[in-house]
Every structure is written in C-alpha cells, then in structure tokens.
Amino acid sequence: MTTTPAPDTTLPTTAAETAPSTVPAAAVAPRRPGPPPRPRPRVLLLSTAGSVAALLLLVAVGTVLDQPLLIPPLAASMALVAGAPDLPLSQPRSVVGGQLLSALTGFAVLTVAGPGLWGAAVAGGLALGVMMLARTPHSPAAATAVIVALTSPPFWSFLGLLALACLLLVAVGLAAARVSGRTYPVYWF
C-alpha cells in the first residue's frame, strides 16, 4: 500500500516567507509624526502680514456693520488659510462653503429654538454635520453657527458680510501664496 506523505507544514508556502528579511525589526514600527517644519522667514512674514491686514479690514467692516463677534471665527479661518494652505480645511470650498452653510444652520436653529445657549450648542453641532455632508469641512465655521444662534443677527446683512469676509480671506490667501511661492488653493471645488 502506497501513501503520499503529508505536506511539511514547516516549509514556507509563499514567496514573501521564503525571502530573507533585510529590514531590522526597529524599522518596521510605525513612525510618529513630528511637528511641522519651521516656515521660511519670507513665508512667515508674508503670512503674518496678510493675516493682520485682512483681519484689520474685517474689523473695520464688522464695526461699521455692527458685527464685531464675527471676527473670532474669521480670525481662525485666516489662520488656516495663511498658516496651513494645503489642508482641506483651508481650501476656498471649505472656507466659503463651510462658513455660509454654518451660518444658515445657525439661522435654522434660531428660527426653531430662538436665541440662547442651548440652541447655540445645537447649532454648532449641527453645523459640523452639515459641513461633513456638503464636503466643506471648516472647523472655525461651527463658531459662526454658535454666534448666529446666540446673537440673532439680521439675516441678509450678516450673510452678505460673511460672504464678503470669506472671499476677502481667500483673496488674501491667494495673494500671499503668489508672493511667497506657496501653492494655494490646492483645489477650488
């Protein structure tokens, strides 16, 4: 009676298992990211100067139109555009779309709940969902929804000022990128 021998389970069965390992075990461990590189002096100077100029202009317009509370979320938006122009949060689609959608979310909550802290909390959270759904992530815009739900600003003048401010931020980002040699935007839509 002839039997076939059982396969040897100690032998490698794939090419990857037969190749000798040339990578040390320490190199296989995932590498932790470090801090971002230090910006070139020219980029640092131009980004900072552009941000200051844009925000001073926004303060002037916001003061004239009696909307000074809009400045904090726009300052955070400008920080993203000037400081991290390659992030999805910094792209024009996210800056303009995220801010306007969040403001509209704030107005919707305001219509249902009236002005107040509870409605503001709901507006900020819902704004995140709306931005995610629209693929316009922009974290500073959640604060815009909160401001709307807290202060009950006039609808058209607030949206007009916000749209103008967002376009100004994007324009400053474009100008600073051209002068400093950086790329902005990575994409428009």
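Visitor: How many cavities of 30 Å³ or more does the count come to here?

Guide: Here is the general idea. Rolling a probe the size of a water molecule over the atoms shows where empty space is left. In this structure, which is a predicted model, the count comes to 1 cavity of 30 Å³ or more. About 60 Å³ of space lies in the largest cavity.

Visitor: Which residues line the largest cavity?

Guide: Look for S47, V81, A82, P85, G173, A176, A177, S180, R182 and Y184. Helix 4 and helix 8 are the elements that give two or more residues to this lining. The largest share, 4 residues, comes from helix 8. Sorted by class, the lining has 6 nonpolar, 3 polar and 1 charged residues.

Visitor: And pockets? How much space lies in the largest pocket?

Guide: A pocket is open, while a cavity is a place the probe cannot get out of. For the largest pocket, the space comes to about 220 Å³. Its lining is made up of P36, P37, R38, P39, R40, V43, L44, S47, A82, G83 and R182. Two or more of these residues come from each of helix 3 and helix 4, and helix 3 gives the largest share, 3 residues. By class, you'd find 6 nonpolar, 2 polar and 3 charged residues around the largest pocket.

Visitor: I keep hearing about helices. How many helices and strands are there in the chain?

Guide: There are 8 helices and 0 strands. Read from the N terminus on, the elements run α-α-α-α-α-α-α-α.

Visitor: How do I read the length of a helix, say helix 3? What does it reach from its first C-alpha to its last?

Guide: Helix 3 has 24 residues and reaches 35 Å, close to the expected 34 Å. After helix 3 comes D66, with a positive phi near 60°. Now try helix 4, residues 71-83: its 13 residues reach 17 Å, close to the 18 Å expected.

Visitor: What share of the whole chain counts as buried?

Guide: Of its 189 residues, 36% count as buried. The chain exposes about 11,600 Å², with carbon and sulfur atoms supplying 72% of that. Taking contacts between residues at least 6 apart in sequence, 75% join residues at least 24 apart.

Visitor: Can we zoom in on one residue? Where is G116 found?

Guide: G116 sits in the loop between helix 5 and helix 6 (117-134). Leaving out residues up to four places away in sequence, G116 touches A149 and L150. G116 and A149 are 33 residues apart along the chain, yet their C-alpha atoms are separated by 6.5 Å.

Visitor: Why does G116 count as partly exposed?

Guide: Check the relative accessibility against the cut-offs: buried is under 20%, exposed is over 50%, and partly exposed is in between. G116 counts as partly exposed because its relative accessibility is 22%.

Key. Residues are numbered from 1 along each chain as its sequence is written. This is a predicted model: local features need pLDDT of at least 70, side-chain atom pairs count only at pLDDT 80 or more; totals for chains, interfaces and linings use all residues. Side-chain values use heavy atoms; hydrogens and water are left out. The expected span of a helix is 1.5 Å times one less than its number of residues. On a 1 Å grid over the protein atoms alone, a cavity is a set of points where a 1.4 Å probe fits but cannot get out, and a pocket is an open set with protein on both sides within 12 Å along at least five of seven lines; lining residues have an atom within 4 Å of a point. Grid points are joined across faces, edges and corners, and a volume is the space filled by probe spheres set on the points. Ala, Val, Leu, Ile, Met, Phe, Trp, Tyr, Cys and Pro count as nonpolar, Asp, Glu, Lys and Arg as charged, and the others, Gly among them, as polar. Buried means under 20% relative accessible area, exposed over 50%, partly exposed in between (1.4 Å probe, protein chains only). Contact means heavy atoms within 4.5 Å. Accessible areas come from the Shrake-Rupley method with a 1.4 Å probe; for residues, only the protein chains shown count as cover.
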